[in-house]
Amino acid sequence: MNDHESGTHADLVRTSRYELRGDLTPEKVVELVNQGLKEGERDFNIKVRSILCCLRHMPEWSPEIVELCKKYQNDTVVAIDLAGDEGLKGEVFPGHLQAYQEAVRSGIHRTVHAGEAGPASVVKEAVELLKAERIGHGYHAIDDPVLYKRLLQMDMHFEMCPWSSFVTGACGSDFTKHPLIQFKKDGANCSLNNDGPLPLNTGLENDYNIAKTYMGFVEEDFMRMNINAARSCFLPEDEKKQLLGVLYEAYGMIDV
């Protein structure tokens with residue numbers, strides 16, 4: 001395809017390419033996932049939303065991904081993400097920057113995997129250039145005290161995944177020295193998550209056990225992190241307030 005193709009023509013070419021290979025188009029994948037999430041919400045009385053992820057080594061995908069975010073913004077999809085080898089940032093960054101700028105213009109929420117295996121500078125780029133509202137992992141942000149202090153003041157949310165950080169080697173093998181301990185001590189806005197449950201064959205309970213066994217977490221810490229997750233989620237404000245109310249009531253906490 002070239003820049004002179006109309007949107008309709010481009011869509012037809014792209015669709016034909018996938019059909020020839022027998023694959024689903026990206027849009028069809030989003031539609032099917034949306035359908036499954038809606039069925040899950042109905043059957044289990046839970047609230048689920050999806051985030052569409054760009055890959056650092058595939059910058060040519062990012063424009064299409066942000067367009068899908070825009071199309072399905074009010075239909076389950078709530079944000080755009082960026083993941084992959086942080087060492088490739090210098091090579092592929094401009095393509096992702098364009099997509100994230102469009103996300104900002106279109107009111108699409110933004111999260112970025114940064115500072116997991118990569119340095120604090122990747123977190124800084126995510127916040128300053130990609131306008132990230134949340135950071136996936138972000139452990140190495142503490143290596144830059146000035147940046148870390150600013151992120152704490154911004155109330156930036158960090159999505160922490162202890163077991164994944166061990167498997168990837170992002171934070172070493174000693175959980176008693178994991179950066180999450182420092183984040184908790186400093187009252188950072190962070191949450192406990194499970195990353196890659198299928199490839200790593202693990203669930204969130206494993207991350208909870210690690211935090212409890214090696215990091216000194218107690219029940220109140222887990223409740224506070226879940227509150228952090230809810231107040232930093234990408235739901236509309238009225239739905240977020242409702243979710244927080246449910247948690248505060250369940251935990252017997254005062255709404256603060």
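## Close-up views of a predicted model

**View 1. A bridge between β3 and β4.** In β4, I135 is the bridge partner of V112, and β3 pairs with β4 in the parallel sense over four bridges, where two strands pair if DSSP finds at least two bridges between them. Helices (H or I, at least four residues) and strands (E, at least two) are DSSP runs, numbered from the N terminus. The model is predicted, so local features need pLDDT of at least 70 and side-chain atom pairs count only at pLDDT 80 or more, whereas totals for chains, interfaces and linings use all residues. Residues are numbered from 1 along each chain as its sequence is written, and side-chain values use heavy atoms, with hydrogens and water left out.

**View 2. The six-stranded open sheet.** Six strands, in the order β1-β2-β3-β4-β5-β6, form an open sheet with parallel pairing. Because β1 and β6 stand at the edges, each with a single partner strand, one side of each is left without a neighbour in the sheet. Direction ignored, neighbouring strands of this sheet are turned by 25 degrees against each other on average.

**View 3. The helices α11 and α12.** The axes of α11 and α12, which are lines fitted to C-alpha atoms over the stretch in contact, come within 9 Å and cross at roughly 170 degrees, with angles running from 0 to 180 degrees between N-to-C directions. That makes α11 roughly antiparallel to α12, a term for angles over 145 degrees. In contact, meaning heavy atoms within 4.5 Å, M223, N226, I227, A230 and R231 of α11 meet K240, L243, L244, L247, Y248 and Y251 of α12. α11 also lies across β5 and β6, running at about 115 degrees to β6.

**View 4. The largest pocket.** The largest pocket has a volume of about 1400 Å³; a pocket is an open set of points on a 1 Å grid over the protein atoms alone, where a 1.4 Å probe fits, with protein on both sides within 12 Å along at least five of seven lines. The volume is the space filled by probe spheres set on the points, which are joined across faces, edges and corners. Of the 40 residues lining this pocket, K47, R49, R134, N193 and C233 are the closest to its centre, a lining residue being one with an atom within 4 Å of a point. The largest share of the lining, six residues, comes from α12.

Methods:
Angles under 35 degrees count as roughly parallel, over 145 as roughly antiparallel, 65 to 115 as roughly perpendicular and the rest as oblique.
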